[in-house]
Amino acid sequence: MKQNAWERRVVSVSLKNVYIRVAGSQPTKALRRKIETLLCELDTPLVLDFSGVTFASSSFFDELLGRLAKSIGQDAFLQRVLIINLSSELEAMANVTIGQR
């Protein structure tokens, strides 16, 4: 039996506390790999919630978002990953990073 859209589970990853703990290339790479695994298991978009994140480095965005976009393809990234609650400055940085991959 097919599930309708309301019955599908929505998975959201809050990056507020995660960013503080994963700053650095290796922890960010591990987070990206966990997100890649989640995406393989989901039939709905994965929500990355940046509520409360006031700073993120370009290297964090590159390792997390840029490499994720490269790994699954930019079209799939735009369809499968929903990024919410980014400040306009961080959104601009994220968009540049994703676009470069």
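Colleague: What should I know before we start?

Modeller: This is a predicted model, so local features need pLDDT of at least 70 and side-chain atom pairs count only at pLDDT 80 or more, while totals for chains, interfaces and linings use all residues. Residues are numbered from 1 along each chain as its sequence is written, and side-chain values use heavy atoms, leaving out hydrogens and water.

Colleague: How many helices and strands are in the protein chain?

Modeller: Five helices and three strands. Helices (H or I, at least four residues) and strands (E, at least two) are DSSP runs, numbered from the N terminus. From that end, the elements run β-α-α-β-α-α-β-α.

Colleague: Why is Asp 49 called buried?

Modeller: Buried means under 20% relative accessible area, exposed over 50%, and partly exposed in between (1.4 Å probe, protein chains only). Asp 49 has 16%, so Asp 49 is buried. Its place is in strand 2, residues 46-49. Across the protein chain, buried residues make up 36% of the 101 residues.

Colleague: Why does Val 10 count as exposed?

Modeller: Its relative accessible area is 64%, so Val 10 is exposed. Val 10 sits in the segment before strand 1.

Colleague: And why is Asn 85 called partly exposed?

Modeller: Asn 85 has 45% relative accessibility, so Asn 85 counts as partly exposed. Look for Asn 85 in the loop between strand 3 and helix 5 (88-100). Its phi is near 60°, a positive value in a residue other than glycine.

Colleague: What makes the link between the side chains of Asp 49 and Asn 85 a polar contact?

Modeller: A polar contact is a pair of N or O atoms within 3.5 Å; within protein, one must be able to donate a hydrogen and the other to accept it, and residues adjacent in sequence count only if both atoms are side-chain atoms. The polar contact joining Asp 49 and Asn 85 is 2.8 Å.

Colleague: Which residues does Val 10 contact, leaving aside neighbours within four places in sequence?

Modeller: Thr 44 and Val 47. Contact means heavy atoms within 4.5 Å. With residues up to four places away not counted, Asp 49 touches several residues, among them Ser 12, Ser 14 and Ile 84.

Colleague: How do you know that strand 1 and strand 2 pair?

Modeller: Two strands pair if DSSP finds at least two bridges between them. Strand 1 and strand 2 have four bridges, in the parallel sense.

Colleague: What is the strand order of the open sheet?

Modeller: The order is 1-2-3, with parallel pairing of the three strands. Strand 1 (11-14) and strand 3 (81-84) are the edge strands, as each pairs on one side only.

Colleague: What makes the span of helix 3 close to the expected one?

Modeller: The expected span is 1.5 Å times one less than the number of residues. Helix 3 (residues 58-72) has 15 residues, giving an expected 21 Å, and reaches 20 Å from its first C-alpha to its last. After helix 3 comes Gly 73, with a positive phi near 95°.

Colleague: How do helix 2 and helix 3 cross?

Modeller: Their axes come within 9 Å and cross at roughly 35°. Axes are lines fitted to C-alpha atoms, for helices over the stretch in contact, and angles run from 0 to 180 degrees between N-to-C directions.
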